[in-house]
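Here is a short report for a reader meeting this structure for the first time. Take a look at the sequence and the model before reading on.

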Amino acid sequence: MRPQLYKLPLAPDTSFLYIDEECKYFDKPWHFHKEYELVYIDKTKGTRFIGDQVSFFDDGDLVLLGPNIPHLYRNSEDYYKNNKLTAKSIFIHFPEDFLGRSFFDLPEMKQVKKLLERSSLGMEVTGNTNALIKDKLTAMKKMKPVNRLMKLLEILISLSNSKELTPILSKSFTASSTKDTDRIDQVIQFILKNYKNDIYIEEIAGQLNMSIASFSRYFKHHTHKTFSNYVTEIRISHACRLMMDSHYNISEICYLSGFENQSNFYRHFKKFTGVIPKEYKARFLTNTADMEE
């Protein structure tokens, strides 16, 4: 039930991986790798799974992930149905020693070393820092390898000096390679396919040839959450995304997100977001109006 270990290819003239990608949708399964990852979402939206955290992502999402943090970016349903939509992103994978084994032990690199240590919780980058890093990442596309190397170091220094980084995880969440590397991805895909309807734990447990009790223990042990709570988080994430579309009223959002009644929806929504749906939507519309002024 653990994520898949990815071994990332490097060109012979580079010490890290830089990819500016445009595709129909993200297709990587739940996975992890030993490299650090800096990922910028240029244009697309969906749900992201990082460790035990589930949330939605949109244009401009920027995250720094430490080694071996399992993660999955899943586009919203429109991207699997509309051939005209594309997902654009830029991501960098770099090993700890891409500048040499002891480079980050230099006194000048003290702040950067702290940044890399903090990345074990995953860091979301916002504000002016987000815009600054976006420009640097975009500029790297046309650079020669040596200039890209200098630009990556520049990015890490900028991030290390910023106060606009927020931890994604409350505690470290790492993975290791096992025989059943694809099981967690199978569970997530099952939930994403069925969360708008009734989901029965015995169905996914049966697909994995496990009893309900064994599956429940197994799932909680490896995700730190119960199966029902995990499903609820995905439903709430979807509801939050729909809140940003004024076309839907709260009643419609409730049922489009897989909840059987509004009372249950309100209770879970406030538990996960801290506010009731009406207040959440009002805040979003207010912020949007302020940005347009």
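A residue counts as buried under 20% relative accessible area, as exposed over 50%, and as partly exposed in between. His224 has a relative accessible area of 37%, so it is partly exposed. The model is predicted.

His224 sits in the loop between α7 (212–223) and α8. Its phi is positive, about 70°, although His224 is not a glycine. Asn68 also has a positive phi, near 65°, and is a residue other than glycine. Asn68 belongs to the loop between β7 and β8. Its relative accessibility is 24%, so Asn68 counts as partly exposed.

## The nonpolar core

Which residues touch the most other members of the largest nonpolar core? They are Leu38, Ile92, Phe94 and Leu137, in a core of 27 residues. At least two residues each come from β4 (36–43), β7 (62–65), β9 (87–94), α2 (110–118), β10 (123–125), α3 (127–139) and α4 (145–160). The largest share, 5 residues, is supplied by α4.

## Salt bridges

Side chains of opposite charge can pair when their charged atoms come close. How many salt bridges does a search of the whole structure find? The search finds 9.

Glu77 takes part in two of the pairs described here. One partner is Lys81, with an N to O distance of 3.9 Å. The cut-off for a salt bridge is 4 Å, so this pair counts. The other partner is Lys196, whose closest N and O atoms with Glu77 are 3.0 Å apart. This second pair links distant parts of the chain, 119 residues apart. Lys196 lies in the loop between α5 (183–194) and α6 (201–207). Glu77 lies in the loop between β8 (71–75) and α1 (78–81).

Are these side chains buried or exposed? Glu77, at 30% relative accessibility, counts as partly exposed. Lys196 is partly exposed too, with a relative accessible area of 31%. Lys81 is exposed, at 65%.

## A helix-to-helix pair and a network

Lys136 and Glu154 form another salt bridge, with the closest N and O atoms 2.3 Å apart. Lys136 is in helix α3 and Glu154 in helix α4, so the pair ties together parts 18 residues apart in sequence. Lys136 has 12% relative accessibility, so it counts as buried. Glu154 has 31%, so it counts as partly exposed.

Salt bridges also link Arg48, Asp61 and Glu124 in a network.

Which residues form a negative surface patch? Glu22, Asp42, Asp58 and Asp59 do. Glu22 belongs to strand β2 (residues 17–23). Why does Glu22 count as exposed? Its relative accessible area is 52%, and the exposed class begins over 50%.

## A loop aspartate

Asp245 is placed in the loop between α8 (227–243) and α9 (250–256). At 34% relative accessibility, Asp245 counts as partly exposed. Asp245 and Asp78 are 167 residues apart along the chain. Their C-alpha atoms are separated by 14 Å.

Terms used:
Residues numbered from 1 in each chain as written. Predicted model: local features only at pLDDT ≥ 70, side-chain atom pairs only at ≥ 80, totals over all residues. Heavy atoms only, no water. Patch = residues over 30% accessible without salt bridge, like charges linked within 9 Å, V, L, I, M, F, W, Y side chains within 5 Å. Areas by Shrake-Rupley, 256 points an atom, 1.4 Å probe, with all protein chains shown as cover. Salt bridge = Lys/Arg side-chain N within 4 Å of Asp/Glu carboxyl O. Lys, Arg positive; Asp, Glu negative; His and termini not counted. Charge placed at Lys NZ, Arg CZ, Asp CG, Glu CD. Helix = DSSP H or I, 4+ residues; strand = E, 2+ residues; numbered from the N terminus. Buried < 20%, exposed > 50% of the residue type's maximum accessible area, 1.4 Å probe, protein only. Core = buried A, V, L, I, M, F, W, Y, C linked by side-chain atoms within 4.5 Å.
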